[in-house]
Amino acid sequence: MSDDRQQKAFPVSWDQFHRDARALAWRLHGFGPFQGLICITRGGLVPAAIVARELGLRLIETVSIASYHDYKNQGETLVLKPIAQAVIEAAGEGGRGLLVIDDLVDTGSTARQVRAMLPNAHFATVYAKPLGRDVIDTFITEVSQDTWIYFPWDMGLSFQPPIRDGVA
Ligand SMILES: O=P(O)(O)OC[C@H]1O[C@H](OP(=O)(O)OP(=O)(O)O)[C@H](O)[C@@H]1O
Ligand code: HPA
Ligand SMILES: [Mg+2]
């Protein structure tokens with residue numbers, strides 16, 4: 001999704017992210033037990049750590065996918081590291097019993113790519129946008145398609161001009 005279509009900002013603090021990821025774990029608890037967790041890196045690393053801690057999951061695998069190579073601009077979806085065959089074979093048919101975690105679903109292209117690898121796994125993200133929502137089984141908060149979510153690991157503290165001076 002390109003820059004000019006992402007006009008609204010949804011900044012998320014570490015505290016808010018922790019609460020939302022924990023809320024996701026509460027919701028997922030009702031769908032378990034899961035045999036293992038597949039984390040879509042890199043964005044899924046932080047929520048995966050929180051969910052794994054809450055649900056007591058210790059078998060953790062990664063699938064590395066990059067599609068936003070240049071800030072808000074989406075490019076080709078590249079699988080940089082596939083899911084280990086041993087993990088796929090240890091799960092039920094089509095990944096049944098596995099939990100797949102990412103930070104968010106936007107257009108859904110990343111999640112669709114992983115869904116093709118694990119059609120029966122349970123897919124979960126903390127945040128979702130309408131175009132990708134249907135690929136995900138469980139999420140916590142939906143934002144509009146024209147919103148860009150700013151994660152705490154991408155931000156730093158900076159001076160904010162007073163409201164009366166207008167937004168830069
Ligand atoms: O639904 P989509 O339109 O595919 O977008 C969602 C994906 O985009 C981001 O990953 P990104 O490609 O930026 O890589 P990263 O996780 O390494 O930051 C995010 O972490 C999701 O994985
Ligand atoms: O809204 C977003 N925020 C951060 N990363 C993203 N990758 C796709 N969409 C987003
Ligand atoms: Mg990602």
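Which side chain has an N or O atom 2.7 Å from a nitrogen atom of ligand 2? It is that of aspartate 106.

Before I continue, a note on conventions. This is a predicted model, in which local features need pLDDT of at least 70 and side-chain atom pairs count only at pLDDT 80 or more, while totals for chains, interfaces and linings use all residues. Residues are numbered from 1 along each chain as its sequence is written, chains are lettered from A and ligands numbered from 1 in written order, and side-chain values use heavy atoms, with hydrogens and water left out.

I stay with ligand 2. An oxygen atom of ligand 2 lies 2.8 Å from an N or O atom in the side chain of lysine 129, and a nitrogen atom of ligand 2 lies 2.6 Å from a polar backbone atom of isoleucine 149. On its own, ligand 2 has 260 Å² of accessible area (Shrake-Rupley method, 1.4 Å probe), and the protein covers 87% of that. The residues around ligand 2, meaning those with a heavy atom within 4 Å, are Tyr68, Leu104, Asp106, Lys129, Trp148, Ile149 and Phe151.

I turn to ligand 1. Here 17 residues form the surroundings, the closest being Arg42, Tyr68, Asp102, Thr107 and Thr110. A polar side-chain atom of tyrosine 68 is 2.7 Å from an oxygen atom of ligand 1; for glutamine 74, the separation between a side-chain N or O atom and a ligand 1 oxygen is 3.1 Å. Of the 500 Å² that ligand 1 exposes when taken alone, the protein buries 89%.

Note on methods
A polar contact is a pair of N or O atoms within 3.5 Å; within protein, one must be able to donate a hydrogen and the other to accept it, and residues adjacent in sequence count only if both atoms are side-chain atoms.
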